[in-house]
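Grab a pencil and work through these exercises with the structure open beside you. Try each task before you read its solution.

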Amino acid sequence: MLRGRPERELAAWWEAEAVAAAKAHAAKEQVRVDPGAAGEPERKAGEEQPKEPTPAQPRAAEEGDARAPPRPPSTLPMYQAKPVSAQGLYPHGKSRSKNRSCKRSSDRSEEDCSPRPVTVDSSKARTSLDALKISIRQLKWKEFPFGRRLPCDIYWHGVSFHDSDIFSGLVNKFPGMTEMVRKITLSRAVRIMQNLFPEEYNFYPRSWILPDEFQLFVAQVRMVKDGDPSWKPTFIVKPDSGCQGDGIYLIKDPSDIRLAGTLQSRPAVVQEYVCKPLLIDKLKFDIRLYVLLKSLEPLEIYIAKDGLSRFCTEPYQEPHPRNLHHIFMHLTNYSLNIHSGNFVHSDSTSTGSKRTFSSILCRLSSKGVDIKKVWSDIISLVIKTVIALTPELRVFYQSDIPAGRPGPTCFQILGFDILLMKNLKPILLEVNANPSMRIEHEQELSPGVFENVPSLVDEEVKVAVIRDTLRLMDPFKKKRESQSQQLGKPLASKEEPSESDLASASAGSAHPEAHLPSICLKQVFPKYAKQFNYLRLVDRMANLFIRFLGIKGTMKLGPTGFRTFIRNCKLSSSSLSMAAVDILYIDITRRWNSMTVDQRDSGMCLQAFVEAFFYLAQRKFKMLPLHEQVASLIDLCEYHLSLLDEKRLVCGRSATSGGRPPHSGTPQEVTPAAQLAEGHPPPCTNSALKLSHSRHTLS
């Protein structure tokens, strides 16, 4: 190090460096002299010089500009540069803390440690724009309200993933989410889970899909009434494409004439109506909770610590034929009740027709309610619902963003509408892919004249959700944290740090989010994964389905792919020939294609594949409950596929090493010779499968 050189040699070395720099400056007139270079050791001949870090450039003033013009070169005369040792002292031991060039070097190091602000494209934010602007301002990020020619770090869309083509960065929508949370699709996804785990999924009302299941609906209602004449149910009809309470009505009997009209007009879901909800101030209310799906693979779920409670505007009475049409009594939709003359706008979080969920919990707690139990049940409901949705979401995702192709990373805020029953059991009403993030409401000044008025309740909840979602998705978060930790550590190589080093360290050690409140989003998965992983059977079926799709970008399994699945997993036998497999494929695929509106692709959809899988599992393992039958068949398929993958890997290694690979013709020939006995796993995997079965057995 230069620190150990004699002062005379050091001065001579510095003079030679200064002369060379002066010549370069005279030739190019743009050379910057850095006196801090005197602290560098002398390099050996042929040794590569380290690159000086490029100073951080100020952000462009105009939209789309990547960099501002470079900083003009230093015009300090050469004689001002003086030698300096590694400790920041002159060779004679005098301090140089007041030297201007040292300050310039310190400023540059601070700029290097401060990454550029995160850029957000808000050109398609729509109704969430106001809350998004406030969030970006609080985070001190950079917004592009009209888009940008260069890529942004985050794209915030108000409606759909398909608003535009995005090939990098982060986007706040998942492909297929809007389709997945429609009332019919959600009901089908939850029904699959109810067939596997009826007790775990009893938070969703019994549902029928119209018009496909109208006859089933009539038959089941008649059967229950015949067995229990005192049963007087009420049903609620929800159009599949409806939103904000549009088209919802109540009926007491399947013969209601309005139901016949629904069958002819548009598809809908009919559900059992929850007749005994929890009331506050004699009013029915529901809860809007915000859930962040941060990642699909691996699955990451966050729940906001606060939400909104939306109240009806008429005192509640149990439904009877005379009050079925009182929508302000039975329907909690904000978009409906705001038109009621009894709707109360309030700036308080604990009064009015819209309040914070935390204020409701405080009120219940004052009455002795176990709030932790309520929250625990709600968290369980959210995790189980997301687990029901993720299998088909993964099929959508691989279709829109196939592996190996450029595409954005997705995340999404979902709105869960939950009703608390009188016994405090939470009931899932619906899931919203595009929950309203407006932070103002309409107020009628005179008949027909409305004005948008800020809503403090909405702003308190929604701004926090958007801001903290952005904080969790911050693409530079890890980099900032690592730099903060490095700058906070004392420099062990320096006996006496200079004032510039101390200033830089103190500036870097300040946490970039120190001015913000704590994050309002709480991680619930994978935090509680151990309690819920046994439910993810359909996810494992989706893995098998995606594996045999064959063509990237498709969402339906063709007949060849289904036959390959049967062969590779060793599922055909004397009692299930390949001809029977073809018939099974044709029957199930034809029925499901007749029920779906989307006919873009022909083939077997995931839900049809799940039905076929259930059929195969019930044939193979006859004496077990359905969820154990399915788990056993999944284990068996994964076992055979792992052997096939291992065999292919060995063949590939043999081929690359120049050896003669073993013969690998059809999939049957590359798999082991061990065959499946009817209803039993192969002998070599019996113990392994028993352990796997035990993991899926309900306690």
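**Exercise 1: A parallel sheet**

Strands β1 (residues 119-124) and β3 (residues 154-157) run parallel and are joined by three bridges. Before we go on: this is a predicted model, where local features need pLDDT of at least 70, side-chain atom pairs count only at pLDDT 80 or more, and totals for chains, interfaces and linings use all residues. Residues are numbered from 1 along each chain as its sequence is written, and side-chain values use heavy atoms, with hydrogens and water left out.

Solution: 
- Step 1. Know your terms: helices (H or I, at least four residues) and strands (E, at least two) are DSSP runs, numbered from the N terminus, and two strands pair if DSSP finds at least two bridges between them.

**Exercise 2: An antiparallel sheet**

Task: give the strand order of the four-stranded open sheet, and say which helices lie across β5, β6 and β8.

Solution: 
- Step 1. The order is β5-β8-β6-β7, and the pairing is antiparallel.
- Step 2. β5 (207-210) and β7 (249-251) each have a single partner strand and stand at the edges.
- Step 3. Zoom in on β6 (residues 235-239), which pairs with β7 over three bridges; V237 stands opposite Y249 in β7.
- Step 4. Helix α5 (residues 183-196) lies across β5, β6 and β8 (268-272), at about 135 degrees to β5. Helix α6 (residues 214-227) also lies across β5, β6 and β8, at about 145 degrees to β5. (Axes are lines fitted to C-alpha atoms, for helices over the stretch in contact, and angles run from 0 to 180 degrees between N-to-C directions.)

**Exercise 3: Two packed helices**

Task: describe how α19 packs with α20.

Solution: 
- Step 1. Two packed helices are described by the angle between their axes and the distance between the axes.
- Step 2. For α19 (residues 606-620) and α20 (residues 626-656), the angle is about 95 degrees and the axes are 8 Å apart.
- Step 3. That makes α19 roughly perpendicular to α20 (65 to 115 degrees; under 35 would be roughly parallel, over 145 roughly antiparallel and the rest oblique).
- Step 4. The residues in contact include F613 and F614 of α19, and L633 and I634 of α20.

**Exercise 4: Buried or exposed?**

Task: is R536 buried or exposed, and how about G550?

Solution: 
- Step 1. Use the cut-offs: buried means under 20% relative accessible area, exposed over 50%, partly exposed in between (1.4 Å probe, protein chains only).
- Step 2. R536, in the loop between α15 (529-532) and α16 (537-547), is at 17%, so R536 counts as buried. R536 touches L299, I387 and F525, not counting residues up to four places away in sequence.
- Step 3. G550 sits in the loop between α16 and α17 (559-568); at 68%, G550 counts as exposed.

Notes: Contact means heavy atoms within 4.5 Å.
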